[in-house]
Amino acid sequence: MAKVAKPSAESAATGTSRRWAMVVDLDRCTGCQACVVACHAENNIPIVGEEQAGYGRWMHWIIIQRYWEGEYPNVKARFMPVMCQQCTQAPCEPVCPVFATYHSPEGLNAQIYNRCIGTRYCGNACPYKVRTFNWFRPEFPEPLPEQLNPDVSVRSRGIIEKCTFCVQRIRRAELDAAATGLTLADGEIQPACVQTCPPSALFFGDLNDPDSRVSQLARSHRSFRLLEDLGTGPAVIYLKGGETNV
Amino acid sequence: MSGAGRRRASIRLMLPLALAGGAVLVVAAILLSQRTAESAPAQPIAFSHRTHAEAEIQCLFCHPNALRSDVAGMPSVERCAGCHRTIATTRRRIQTVLGYWERGEPIPWQPINKMADFVFFSHQPHLAAGVGCETCHGDVGKMNAARQVVNMDMGWCLNCHLKQPETAVARLTDCLACHK
């Protein structure tokens, strides 16, 4: 299973030195859903309610996949948080007729909400099924409108949305660093899920920096990526669980 | 007259009409767009930027947040009262300001430059890059009632972002620079 993280060719071509990546340590994940809650709060994600969720219209940008292992009474629950994999060769990008989703110089699959016309081609092309569609006008019951994040668009009905690696936090950290003349240290930028994860199962950083925490973890013998044989080149790297699990 | 001939005659009549209609629409659109760019909203007090600029007060004295934050912000009543408790206190407009100060109420100033809510603009990096206030806001120091001088649309933003040094253009024209 040994995998060596290589700097992506695309970022070398565009001249930027960064490739944002996330590492999910499945040995540490307890399936507590704190990341899901943090993500909802940070990114102004609406709650669709039980009935619409039953139709599969939930809006979570992270889903905690649950797997049962073994036969009763020797059952083990396994959890796997799945968010947008920010693919290097993203199947969602070429299908968008209006270029609302595209590849940013830092390797993010950007989704520009005010350009989206809601064809849902991208959502259908995504092999990870992590793009969500606003079937209705999002409603935030009181007092939730008071805590909407002013750095993130409040999306409207009829458009696709998805995990952005909290690009508003990346940009804010970069602006603050430029204003103070400091350089960003590894781990200083934290998406909401990474910041909130109680057992620190999530790590975020630059894959093009060989000394960053995510690069070191990506070199672990436990590392793998989801649906690797599709050749999408995800930037979310999972560390196989089960070795230290009891 | 044959059917084809009648059709040709009606086209000959309709064409100038359609062209004239189109021209009227274009002129109306241009006039309307200029009107939105130049109209000044009604303010609770007839504040004159010119008077203050002629007294050599810097923009950043009243709008200091432009230096360090996303929004330039409106000055607090305290900032107004700081000077006007002693300066020109007999004027009617100043007494209105002092009325707000004594009642402890904010002055309901109307914003002049409005950005769409899907645009995430920050004053701080623009000032840090040496862009002067007047580049986007016009010569406010010569206006009595401040008004919007440019339609702040994406083409206008990109006009400037595309002229930046080559190393910065990719970052500055990335959608994620302004849309999140």
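Hello everyone, let me start with one residue: A:Gln85 is buried, with a relative accessible area of 1%. Buried here means under 20% relative accessible area, exposed means over 50%, and partly exposed is in between, with a 1.4 Å probe and protein chains only.

Before going on, a word on the background. This is a predicted model, where local features need pLDDT of at least 70 and side-chain atom pairs count only at pLDDT 80 or more, while totals for chains, interfaces and linings use all residues. Residues are numbered from 1 along each chain as its sequence is written, chains are lettered from A and ligands numbered from 1 in the order in which they are written, and side-chain values use heavy atoms, with hydrogens and water left out.

Back to A:Gln85. You will find A:Gln85 in the loop between β3 (76–82) and β4 (101–103) of chain A. Helices (H or I, at least four residues) and strands (E, at least two) are DSSP runs, numbered from the N terminus. What does the side chain of A:Gln85 make a polar contact with? The partner is the side chain of A:Tyr238, at 3.4 Å. A polar contact is a pair of N or O atoms within 3.5 Å; within protein, one must be able to donate a hydrogen and the other to accept it, and residues adjacent in sequence count only if both atoms are side-chain atoms. Leaving aside neighbours within four places in sequence, A:Gln85 is in contact (heavy atoms within 4.5 Å) with several residues, including A:Tyr128, A:Leu226 and A:Pro234.

Next, helix α2 of chain A, residues 34–42. The buried residues of this helix are A:Cys35, A:Val36, A:Ala38, A:Cys39, A:His40 and A:Glu42. They pack against β2 (63–69), α5, α6 (192–196) and β8 (202–206) of chain A. Just after α2(A), A:Asn44 takes a positive phi of about 55 degrees.

Now for the salt bridges. The rule asks for a side-chain nitrogen of Lys or Arg within 4 Å of a carboxyl oxygen of Asp or Glu, and over all chains the count comes to 14 salt bridges. One of them joins A:Arg222 and A:Asp27, with the closest N and O atoms 3.4 Å apart. A:Arg222 sits in the loop between α7 (213–218) and β9 (223–224) of chain A, and A:Asp27 in the loop between β1 (20–25) and α2 of chain A, so this pair ties together parts that are 195 residues apart in sequence. Both A:Arg222 and A:Asp27 are buried.

A:Glu42 is in helix α2 of chain A and A:Arg169 in helix α5 of chain A, so parts 127 residues apart in sequence are tied together. Of the two partners, A:Glu42 is buried at 12% relative accessible area, while A:Arg169 is partly exposed at 23%.

Let's move to where the chains meet. The contact takes 19 residues from chain A and 14 residues from chain B. The area buried between them is about 1400 Å², and carbon and sulfur atoms give 62% of that. Buried area is the accessible area (1.4 Å probe) that two parts lose on being put together, summed over both.

How many salt bridges are there between chain A and chain B? The count is two. In one, the side chains of A:Arg171 and B:Asp174 meet at 3.6 Å, N to O. On the side of chain A that touches chain B, helix α5 (residues 167–180) gives the most, with six residues.

The other bridge links A:Arg172 and B:Asp70, with the closest N and O atoms 2.8 Å apart. This pair crosses from helix α5 of chain A to the loop between α3 (59–62) and α4 (77–84) of chain B. A:Arg172 is partly exposed at 26% relative accessibility, and B:Asp70 counts as partly exposed at 22%. Salt bridges with shared partners also join A:Arg18, A:Glu106, A:Arg171, A:Glu174 and B:Asp174 into one network.

Finally, a quick look at chain B. Chain B has nine helices and zero strands, and buried residues make up 19% of its 180 residues.
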